[in-house]
Amino acid sequence: MSRKPAKTQHASTKKPKRSNALTAARPASSMSVKLRRGEPADAKECGRIVFEAFKSIATKHDFPQDFTSPEVGAMLMSFLLGHAKFYSVVAELDGGRIVGSNFLDERSEIAGVGPISVDPIIQGKGFGRILMEDVLARAKERKFPGVRLAQAAYKPFVSIQSLGFAPASRFRSCAARHPR
Ligand SMILES: CC(C)(COP(=O)(O)OP(=O)(O)OC[C@H]1O[C@@H](n2cnc3c(N)ncnc32)[C@H](O)[C@@H]1OP(=O)(O)O)[C@@H](O)C(=O)NCCC(=O)NCCS
């Protein structure tokens, strides 16, 4: 599950600071990106990223945040990462820095994608696409007849159309239900 980059030069072998090497205008394809299965130990960092990523898009569109804190994000991540029926993928750079994660809910006949999140300081460089392609490859490998992705209407749909998704239905409201 590792994608080999075109070039492997990385700014430093030390853990990068959050705001320098990562924010450089380099695409994911030029960085050394490793995809691996998520582990329960990733919950804290994936939780921080899911919190920051969803907060960033909600704030941009003037919508309420999905997660109230990084700890709430970590609780969800902990649940998903420890669940045998959720496939998980984590993208990390050299030195083990996690930049995003994605999931595939394999509990039903139709697999469910998400939540996907990429650290806002490194969005727009192709990591989201890599994480999406990985879970779609997993769904194909497991021979799921279909894949669903549910998201708030304010989020851009056009990006996921390029991955083959077509609109299925609109929810007027959605009752939260803890997954089993
Ligand atoms: C959506 C998100 C993961 C994209 O990450 P990114 O690294 O900026 O993405 P990229 O640079 O690869 O560019 C966009 C790609 O992300 C994917 N993407 C974009 N919007 C998406 C969405 N709502 N759901 C799933 N994947 C999405 C697509 O593969 C898209 O590829 P394309 O531009 O070639 O069509 C990121 O913006 C994020 O974390 N957003 C906040 C959380 C969120 O809204 N998640 C989606 C709903 S669960």
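1. α1 passes α2 in a right-handed crossing. A crossing is called right-handed if the near helix is turned clockwise from the far one by less than a right angle, and left-handed if anticlockwise. The two helices pack at an angle of about 125°, and their axes are 7 Å apart. That makes α1 oblique to α2. Axes here are lines fitted to C-alpha atoms, for helices over the stretch in contact, and angles run from 0 to 180 degrees between N-to-C directions. Under 35 degrees counts as roughly parallel, over 145 as roughly antiparallel, 65 to 115 as roughly perpendicular, and the rest as oblique.

2. A word on the source. This is a predicted model, in which local features need pLDDT of at least 70 and side-chain atom pairs count only at pLDDT 80 or more, while totals for chains, interfaces and linings use all residues. Residues are numbered from 1 along each chain as its sequence is written.

3. Next, the overall layout. The protein chain has four helices and six strands. From the N terminus on, they run β-α-α-β-β-β-β-α-β-α. Helices (H or I, at least four residues) and strands (E, at least two) are DSSP runs, numbered from the N terminus. Of the 180 residues, 28% count as buried. Buried means 20 or more other C-beta atoms within 10 Å of the residue's own, exposed means 12 or fewer, and partly exposed lies in between, with C-beta atoms placed from the backbone.

4. Which residues of α1 meet α2? They are Ala43, Lys44, Cys46, Gly47, Arg48, Val50 and Phe51. Their partners in α2 include Pro70, Glu71, Gly73 and Leu81. By class, this contact has nine nonpolar, three polar and three charged residues. Ala, Val, Leu, Ile, Met, Phe, Trp, Tyr, Cys and Pro count as nonpolar, Asp, Glu, Lys and Arg as charged, and the others, Gly among them, as polar. Two residues are in contact if their C-beta atoms, placed from the backbone, lie within 7 Å.

5. Now α1 itself. Its 18 residues should span 26 Å at 1.5 Å a residue, and its end C-alpha atoms are 25 Å apart, which agrees. The expected span is 1.5 Å times one less than the number of residues. The buried residues of α1 include Glu45, Ile49, Ala53 and Phe54. What covers the buried residues includes α2, β2 (86–93), β3 (98–105) and β5.

6. After α1 comes aspartate 62. Aspartate 62 has a positive phi of about 60°, although it is not a glycine. It lies in the loop between α1 and α2. Aspartate 62 counts as exposed because it has 7 C-beta neighbours inside 10 Å.

7. Glutamine 65 is in the loop between α1 (43–60) and α2 (70–81). Leaving aside neighbours within four places in sequence, glutamine 65 contacts Phe54, Lys55 and Ala58. Alanine 53 is 12 residues from glutamine 65 in sequence and 10.0 Å away in space, C-alpha to C-alpha.

8. Two other loops deserve a look. Lysine 143 has a positive phi of about 60° although it is not a glycine. Its place is the loop between α3 (127–141) and β6 (147–148). Lysine 143 is exposed, with 6 other C-beta atoms within 10 Å. The peptide bond from glycine 114 to proline 115 is cis, with omega near 0°. Proline 115 sits in the loop between β4 (111–113) and β5 (117–118).
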